[in-house]
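Let's take a tour of this structure together. Have the 3D view open and follow along as we go.

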Amino acid sequence: MSDIVIIKEIIQEAYDTKTFVFDWDAKVRPGQFIMVWIPGTDEIPMSVSGISDSTKSITVKAIGEATRRLHEFKVGDRLSIRGPFGNGFDLADDNILIIGGGVGTAAIMPAVVQTGADTIIAARSDKDLIMLDTARKHSKNVWIATDDGSAGFHGNAVQLMKEKLKDRSYRYIVACGPEVMLYFTYKACQELDQDCQLSMERYMKCGAGVCGCCVMDDMRICKDGPVFKKDQISKLKEFGVSNRDACGRVHNFR
Amino acid sequence: MASLSTSVGSIALDRPGMIASGIMDETGKSLVRVLESGAGAVVTKSIGLMPNPGHDNPCFMEVRGGYVNAMGLPNPGIEEFGEEMKVAVPKGKVIGSIYGAGPEDFSKLAIKMEEYGACAVELNLSCPHAKGYGMEVGTDPDMVKSIVSAVKSSVSIPVWAKLTPNTHILTKIGAAVQDAGGDAIVAINTLKAMVISPEFARPIMSNKFCGLSGDAVKPVGVRAIYDLKSAVDIPLIGVGGISCWRDAAEYIMAGACAFQVGSAVGTKGLEVFGQINDGLSAFMDEYGYGSISSMVGAAHE
């Protein structure tokens, strides 16, 4: 079923990224996503980036036609959404390290708010960092990494994670970001015998576990994921290696 | 314990339920997962000659009583699909669903599916939302006859025809399948449908038209199988809104010797196959049906 919701607030997170807050009383867990319809353009999966009893939000980076169209929406406009979908993060323990890379930061923010756990936010440069204020409000340790060193640690999220793990220990890592970041996060977790949960992404159509187009190996990102635990990830041969297009054709990353 | 084994013509199945075409069946590993979850066989996504991205999103949504979809036959094309078949075929019975614009397309595709090791082909003569394909070729008995004949003379594996309920001449189309030598009829595909957003004053699906599946279509499907059972002698496979053993039993008693499950994979998960198998078996024990075949068409007597 689709729900019509009204945008009540828009927050400019970065030059190309906006958060849209809307009234929606659905029960949503950190790490779940919704399908957002942009009439005449597309329907796209978006992580829920903020959760309260009566409102939810999505955080949108303008990178394609649909997301650019979404950026034109104003307070008071209506959105048509489906969901929530997916499993979400397992946040049973709060001694965790949460990592968000780029716009993937949106997906982990509800986990930061719920747990107040130590957080790494990474981006290409300082102008691409998003949601720092929210993170700092809920977590006492918010560390920043930028590829160009324009803010915080000069390097990527995985390098900073390795630094932090030298003198701290966590039950597990929670992360969302570009697949290359997640892949090297997973590799580092293997080397360090560190548990992790990673939120994955694939081209998606139904969102409901029916059509099977968003599979990574035999796992549907929309229904079995988007969050996968380390033992599950160890069986995913396509993770970090290949994805599929709208036709279902395989495309290798390298 | 009653036996759940059945057969569709020459194809013997340990369990009577299969995954319906279009559901978790675009990749080899997905097909294997479905086989391992208790399905007796799997039907692939409908595959065409060329790669097809399908219709733009939105192409799916939940509605009261089921789902609508206008996927638009997305598939990687018959050449690339060989790689998926290589993964799935060694793990169980795979029925290759194919779609085309006419007899020649269907024959080429069926030959490939046979080469890939499909145990049967299912001709998609029923998709309600793809221009020039599906029900647009599947509601004309003469066209159906020529497609089935052409495929029959091209391959030696059984040829199943999946028919649409969006017609008032279903039994004539069924008879055309039988006359052309078709080995089984699969019914039904989705009901042609539309969903409009009042707020945006437009159809929600990018394709405007879509197909309805799930609980709401089951009585239509059961009626279709009942009608076909009265009109043809070839085996029938029931599909449409099956999510529990009672639904499966209805289709079997209407005349189906096997069934397919689609939308319920979304609502109940792949566990649905095991649940249906257990429920059906318990029902058969209690009511004294020793085999699926002893139940087939029971509602006609």
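How many bridges join β1(A) to strand β2 of chain A? Six bridges join β1(A) to β2(A), residues 17-23, and the two strands run antiparallel. Keep in mind that this is a predicted model, where local features need pLDDT of at least 70 and side-chain atom pairs count only at pLDDT 80 or more, while totals for chains, interfaces and linings use all residues. Residues are numbered from 1 along each chain as its sequence is written, and chains are lettered from A and ligands numbered from 1 in the order in which they are written.

**A few words you'll need**

- Helices (H or I, at least four residues) and strands (E, at least two) are DSSP runs, numbered from the N terminus.
- Two strands pair if DSSP finds at least two bridges between them.
- Strands of a sheet pair through backbone hydrogen bonds, either parallel or antiparallel.

**The barrel in chain A**

- In chain A, six strands form a closed barrel in the order β1-β2-β5-β4-β3-β6, with antiparallel pairing.
- Neighbouring strands of this sheet are turned by 45° against each other on average, direction ignored; axes here are lines fitted to C-alpha atoms, for helices over the stretch in contact, and angles run from 0 to 180 degrees between N-to-C directions.
- A hairpin takes you from β1(A) to β2(A) through two residues, and A:I11 stands opposite A:T19 in β2(A).
- On another side, β1(A) (residues 2-14) pairs with β6(A) (residues 78-85) in the antiparallel sense over five bridges.
- To find that pairing, look for A:S2, whose bridge partner in β6(A) is A:R82.
- Strand β3(A) (residues 33-38) and β4(A) are antiparallel too, joined by six bridges, with A:I38 opposite A:D42 in β4(A).

**Two domains in chain A**

- Chain A splits into domain 1 (2-85) and domain 2 (96-252); these bounds come from an automatic or database domain assignment.
- The C-alpha centres of the two domains lie 20 Å apart.
- Each domain puts 19 residues into the contact, where two residues are in contact if their C-beta atoms, placed from the backbone, lie within 7 Å.
- On the domain 1 side, β1, β3, β4, β5 and β6 of chain A each give two or more residues, and β4(A) has the largest share with six residues.
- That side divides into nine nonpolar, seven polar and three charged residues. For these classes, Ala, Val, Leu, Ile, Met, Phe, Trp, Tyr, Cys and Pro count as nonpolar, Asp, Glu, Lys and Arg as charged, and the others, Gly among them, as polar.
- Helix α2(A) (residues 105-115) lies across β4 and β5 (55-61) of chain A, running at about 30° to β4(A).

**Helices packing in chain A**

- Helices α4(A) (residues 157-167) and α5(A) (residues 179-191) pack at about 25°, with their axes 9 Å apart.
- The two are therefore roughly parallel to each other; angles under 35 degrees count as roughly parallel, over 145 as roughly antiparallel, 65 to 115 as roughly perpendicular and the rest as oblique.
- Their crossing is right-handed: a crossing is left-handed if the near helix is turned anticlockwise from the far one by less than a right angle, and right-handed if clockwise.
- A:A157, A:V158, A:M161 and A:K162 of α4(A) meet A:M181, A:F184, A:T185 and A:A188 of α5(A).
- This contact has six nonpolar residues, one polar and one charged.

**Helices packing in chain B**

- Over in chain B, α3(B) (residues 103-116) and α5(B) (residues 141-152) pack at about 30°, with axes 8 Å apart.
- So α3(B) and α5(B) are roughly parallel.
- Their contact involves B:P103, B:F106, B:S107 and B:A110 of α3(B) and B:S146, B:I147, B:A150 and B:V151 of α5(B).
- For α5(B) with α6(B), the contact divides into six nonpolar, no polar and three charged residues.

**Where the chains meet**

- The contact takes 25 residues from chain A and 36 residues from chain B.
- On the chain A side, β1, β4 (42-51) and β6 each give two or more residues, with β6(A) giving the largest share, three residues.
- The chain A side holds 12 nonpolar, five polar and eight charged residues.
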